[in-house]
Amino acid sequence: MKKLFALFTSAALLFVTSVASAVPIDGSVNFFGVSNTTAVSGVVTNVVFQNQNVGVATGDFALAGIVYLDVVTFTNLNPVAPTNALWSVGGFTFDLLNVATNTVSGTGAVEISGSGLVKAIGFDDTIFSWLYTAQAGKNQTFSASSIPAPAGTALLGLTLLAFGLSRRNKKS
């Protein structure tokens, strides 16, 4: 019975280790440029992007060579539906998954946020949070930031649990 338990525990740790060794995309990227926003009843229904450039790139985006003023290719944003390839730059693409907030204030300030999936060759697809803001058709920005995954913490916890169980079994 002990050998079966040890075999099962070893197999589980091997599986978790292989899953945790993935290479997620880490960092953030901000864009700026011109956009036209259409809103109905205080909710944005469409955003048409024009002349988008990189403002700041950190983490894997910066390591990939994405720098200030690099040109970004955007598709129009329909905040009520998922959008494949909403933007792409430097080998990274972003698929819009959902919209969590979508508001337009009385002064014309727009804020839309949600989550999406960033993809790049050599990396695992990674969930990112995103935020689009605009001030009455001016000063538009779009930013995306990685969401830290708890895989490292889970792996550490499972390892400590395995050590504790093996120590307890040795005392028996």
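**Questions on terms and values**

Visitor: Which residues does F94 touch, if those up to four places away in sequence are not counted?
Guide: In this predicted model, F94 touches T83, N84, A85, L86, W87, G116, L117, V118, F128, W130 and F142, with residues up to four places away in sequence left out. Each of these counts as a contact because heavy atoms of the two residues come within 4.5 Å.

Visitor: Why is A144 called buried?
Guide: The relative accessible area of A144 is 0%, and the term applies under 20%, so A144 counts as buried.

Visitor: Where does A144 lie, and which residues does it touch?
Guide: A144 lies in strand β8, residues 138-146, and, with residues up to four places away in sequence left out, A144 touches G27, S28, V29, N30, W87, F128, S129 and W130.

Visitor: How far apart are A144 and F94 in sequence and in space?
Guide: A144 and F94 are 50 residues apart in sequence, while their C-alpha atoms are 9.1 Å apart in space.

Visitor: Why does S146 count as buried?
Guide: S146, which also has its place in strand β8, has a relative accessibility of 17%; the cut-off is under 20%, and therefore S146 counts as buried.

Visitor: What makes the pair of S146 and D26 a polar contact?
Guide: The side chains of S146 and D26 make this contact at 3.0 Å, and since the limit for such a pair of N or O atoms is within 3.5 Å, the value meets the distance criterion. D26 is also among the residues that S146 touches, along with I25, G27, I127 and F128, not counting residues up to four places away in sequence.

Visitor: How do you know that β4 and β5 pair, and in which sense?
Guide: Strand β4 (residues 83-89) and strand β5 (residues 92-104) share four bridges in the antiparallel sense; at least two bridges are needed, so the two strands count as paired. One of the bridges joins T83 to L96 in β5. β4 and β5 form a hairpin with two residues between them, and G90 in the turn has a positive phi of about 55°.

Visitor: How many bridges join β2 and β3?
Guide: Strand β2 (residues 43-57) and strand β3 (residues 71-74) pair over two bridges in the antiparallel sense; because at least two are required, this pair meets the criterion. N53 stands opposite V71 in β3.

Visitor: What links β5 to β6?
Guide: β5 and strand β6 (residues 109-119) pair over ten bridges in the antiparallel sense, with T103 opposite E111 in β6. Their hairpin has four residues between the strands, and G108 takes a positive phi near 95° there.

Visitor: What arrangement do the eight strands make?
Guide: The strands run β1-β2-β3-β4-β5-β6-β7-β8 in a closed barrel with antiparallel pairing, and neighbouring strands of this sheet are turned by 30° against each other on average, direction ignored.

How values were computed. Residues numbered from 1 in each chain as written. Predicted model: local features only at pLDDT ≥ 70, side-chain atom pairs only at ≥ 80, totals over all residues. Heavy atoms only, no water. Buried < 20%, exposed > 50% of the residue type's maximum accessible area, 1.4 Å probe, protein only. Polar contact = N/O pair within 3.5 Å; in protein donor to acceptor, adjacent residues only side chain to side chain. Axes fitted to C-alpha atoms, helices over the stretch in contact; angles between N-to-C directions.
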